[in-house]
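I opened this entry to record what I looked up, topic by topic.

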Amino acid sequence: MGGFIIKKLAFLLVICLAFCSVGCQKNEFKQSENNYEQSEDKSEFGSIKNKNNSNQNTVKEKVDISSVEEIISLVLYDMYQNEQNYDVTIDYTNLPQLAYSILNHYSTDDYFIMPSFEDGESYARVSRDDANEYIKVATTNFAGDVLDNARVDGAFDDIMYYSSDDDMYYLMIADGAPWISIDVLDAYDNNDDTYTAKVNAYFESNGGDHEFIGKYKVYLIDNDSGSKFKYRIYDIKKL
């Protein structure tokens, strides 16, 4: 009788241990499942966070290019008038003509001394250092070297020339010419020390012409900190 009871108790103990083992396995599986879900949630959250950080890093801040808008317009005018791209407009051969256009536009600026009379003509005079501040905005290729004389074939031998005696440029003043105006559509920081502007350009004249000539992308870099012009142009492309 006693042996039967012991066998029965042993059988019940085996059954209890079996249930405990199954229960533990279920708990371990459930915990593992919970851990996986939490890990997946964290991974997804990290992905979203990284995506948000990436978006923040690619946000392009707006910039104000008003200090160089007039020089952009003058460069575009030379490009349009001579039917040439930016690289040709600012090469060694054509840069003196562009420099004349820029300096003539600013000829009433405080840097300029006028009038000066040479051979009966009225010239503005500007020191080379002061002239360089304006010319450098038009191209990053110009380091301030003396430019060749600017000429108009069949009209004037020299409309701008350099005098080594006083380190000054002399330029014949002209006005009333057509010009290019621009509307700045967008201007932003590329987050790599360069800047990009998109502009619409219009041909203007004293006769009232206002002709859309195209949309352009203007590429800029920072100018010298002491300059009144905040940026320098390093390329212009028609869109």
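**Nonpolar core**

I looked up the largest nonpolar core, which has 49 residues; the members touching the most others are Ile71, Val75, Leu76, Leu103, Ile233 and Ile236. I then checked which element gives the most to this core, and it is helix H2, residues 69-81, with seven residues. The model I am reading is predicted.

Next I took Leu76 and left aside its neighbours within four places in sequence. What does Leu76 contact then? I found Ile180, Ile182, Val199, Ala201, Tyr216 and Ile236.

I also noted a second, separate core of five residues. Among them are Tyr161, Met168, Tyr170 and Met172.

**Confidence**

I looked up pLDDT for the chain. The average is 82, and 73% of the residues score at least 70. Where does pLDDT stay under 50 with zero contacts beyond four places in sequence? I logged residues 9-20 for that.

**Positive phi**

I turned to the loop between strand E6 (179-189) and strand E7 (194-204), where Asn191 lies. Asn191 is not a glycine, yet its phi is positive, about 65 degrees.

Asp193 counts as exposed because its relative accessibility is 58%, and the cut-off for exposed is over 50%.

Definitions and conventions
Residues are numbered from 1 along each chain as its sequence is written. This is a predicted model: local features need pLDDT of at least 70, side-chain atom pairs count only at pLDDT 80 or more; totals for chains, interfaces and linings use all residues. Side-chain values use heavy atoms; hydrogens and water are left out. A nonpolar core is a set of buried Ala, Val, Leu, Ile, Met, Phe, Trp, Tyr and Cys residues joined through side-chain atoms within 4.5 Å. Buried means under 20% relative accessible area, exposed over 50%, partly exposed in between (1.4 Å probe, protein chains only). Helices (H or I, at least four residues) and strands (E, at least two) are DSSP runs, numbered from the N terminus. Contact means heavy atoms within 4.5 Å. pLDDT is the predictor's confidence in each residue, from 0 to 100.
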